[in-house]
Amino acid sequence: MQWESFDSQEALSARAAELLLSAIRENPRSVLGLPTGRSPIGMYARVVQECSREYHCFRDVVTFNLDEYCGIAPEHPASYATYMRQHLFDHVDIDPANTHIPHGIDPDPAGYEEELRRAGGLELTFLGLGRNGHIGFNEPGTPFDSRTRIVELTASTRHANADLFPDGHVPTHAITMGIGTILESRRIVLLVSGKGKEEALERLHSGAVSEDFPASALHVHRDVTVLNVGRASARPTGAAG
Ligand code: GLP
């Protein structure tokens, strides 16, 4: 696991965007795993900025989002489908047919895995980190070999995302790629920024692997980079050192 620490969200976002853009320049048919949440917003903004200068940035890129809330339609203002349109898809030349987001009203976990398999699997996946260590919506206790499925959200996750649902109806369930699904990505970049992440960041940095802390599954992967704001020192830990 490689660690890169930054002084600011802007610096982290610039580095994350650079990793994404260099992947799609290297392979214009890249299959990307994409996150939502607050952490990647700056990355998407940078990517959009760069791609407005570069024609055909996303023309042949294929994307699979990690997760979606259950019970809300893609058009819902707080859906991850809306988020992706707002922050990326509406601003780049991606073919909507190449974008995949689990469906919140009609979730089909097995179908999602099948589409992923047909696309050749994930090449580069960006992840955010939940305060309790969740990745995607894989909450503590999730087996590391889990696949795409419907999950119940913990009270802490619902609380952390409550401000996105001003009507107070925070979804109770979500559909998420499993940890096993995520670990099959050939490369993984974890973005860690924002309030309340300190403890999770330190726990990840300790290198201890436990299903109580979903992000620790990343220690068993060969190619993970952790981009973070907050750790004073950057030193590599874990399997790939
Ligand atoms: C949400 C999402 C995750 C995201 C995480 C962190 O619940 N399902 O995919 O990575 O929480 O979000 P944020 O970046 O807003 O802190």
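Student: Which residues of α2 meet Tyr83, Met84 and His87 in α3?

Tutor: Keep in mind that this is a predicted model. Helix α2 covers residues 41-53, and α3 covers residues 80-87. On the α3 side the contact involves Tyr83, Met84 and His87, and their partners in α2 are Ile41, Tyr44 and Val48.

Student: Are α2 and α3 roughly parallel or oblique to each other?

Tutor: Their axes run 9 Å apart, at an angle of about 40 degrees. Roughly parallel needs an angle under 35 degrees. The two helices, α2 and α3, are therefore oblique.

Student: Which residues in α3 are buried?

Tutor: Start with what lies over them: the cover includes β2 (31-34), α2, β3 (62-65) and β4. For Tyr80 there's a value too, 7% relative accessibility, and buried means under 20%, so that residue qualifies. The buried set in α3 is Tyr80, Ala81, Thr82, Tyr83 and Met84.

Student: On to the rings. How many aromatic pairs does the structure hold?

Tutor: Two of the residues to look at are tyrosine 69 and phenylalanine 165, with ring centres 5.1 Å apart. For the structure, the number of aromatic pairs is 6.

Student: And is the pair of tyrosine 69 and phenylalanine 165 stacked or edge-to-face?

Tutor: Look at the planes, which stand at 90 degrees. Anything over 60 degrees counts as edge-to-face. So the pair of tyrosine 69 and phenylalanine 165 is edge-to-face.

Student: How many residues apart in sequence are the parts that this pair ties together?

Tutor: Tyrosine 69 sits in strand β4 (residues 67-69), while phenylalanine 165 is in the loop between α5 (155-160) and β8 (173-176). Both residues are buried. Along the sequence, the parts tied together by the pair are apart by 96 residues.

Student: What about tyrosine 80 and phenylalanine 137: stacked or edge-to-face?

Tutor: Their ring centres are 6.1 Å apart and their planes meet at 15 degrees. Planes under 30 degrees apart meet the cut-off. So the pair of tyrosine 80 and phenylalanine 137 is stacked.

Student: Is phenylalanine 137 buried or exposed?

Tutor: Phenylalanine 137 belongs to the loop between β6 (124-128) and β7 (149-152). Its relative accessible area is 2%. The cut-off is under 20%, so phenylalanine 137 is buried.

Student: Which residues form one aromatic cluster?

Tutor: Take the edge-to-face pair, Tyr69 with Phe165, and the stacked pair, Tyr80 with Phe137. These residues come together in one cluster: Tyr69, Tyr80, Phe137 and Phe165.

Student: Now tyrosine 112. Leaving aside neighbours within four places in sequence, which residues is tyrosine 112 in contact with?

Tutor: Tyrosine 112 is in helix α4 (residues 109-118). At 4% relative accessibility, tyrosine 112 counts as buried. Its contacts beyond those neighbours are Phe64, Asn65, His100, Ile101, Pro102, Thr148 and Met177.

Student: Is arginine 186 buried or partly exposed?

Tutor: Arginine 186 is in the loop between α6 and β9 (187-192). Among the residues touched by arginine 186 are Gly120, Glu123, His221 and Asp223. Its relative accessibility is 46%, which makes arginine 186 partly exposed.

Student: Where is histidine 56, the residue with a positive phi?

Tutor: Phi of histidine 56 is near 65 degrees, and this is a residue other than glycine. With a relative accessible area of 33%, histidine 56 is partly exposed. Its place is the loop between α2 and β3.

Conventions: Residues are numbered from 1 along each chain as its sequence is written. This is a predicted model: local features need pLDDT of at least 70, side-chain atom pairs count only at pLDDT 80 or more; totals for chains, interfaces and linings use all residues. Side-chain values use heavy atoms; hydrogens and water are left out. Rings of Phe, Tyr and Trp (its six-membered ring) pair if their centres lie within 6.5 Å; planes under 30 degrees apart count as stacked, over 60 as edge-to-face and the rest as tilted. Helices (H or I, at least four residues) and strands (E, at least two) are DSSP runs, numbered from the N terminus. Buried means under 20% relative accessible area, exposed over 50%, partly exposed in between (1.4 Å probe, protein chains only). Axes are lines fitted to C-alpha atoms, for helices over the stretch in contact, and angles run from 0 to 180 degrees between N-to-C directions. Angles under 35 degrees count as roughly parallel, over 145 as roughly antiparallel, 65 to 115 as roughly perpendicular and the rest as oblique. Contact means heavy atoms within 4.5 Å.
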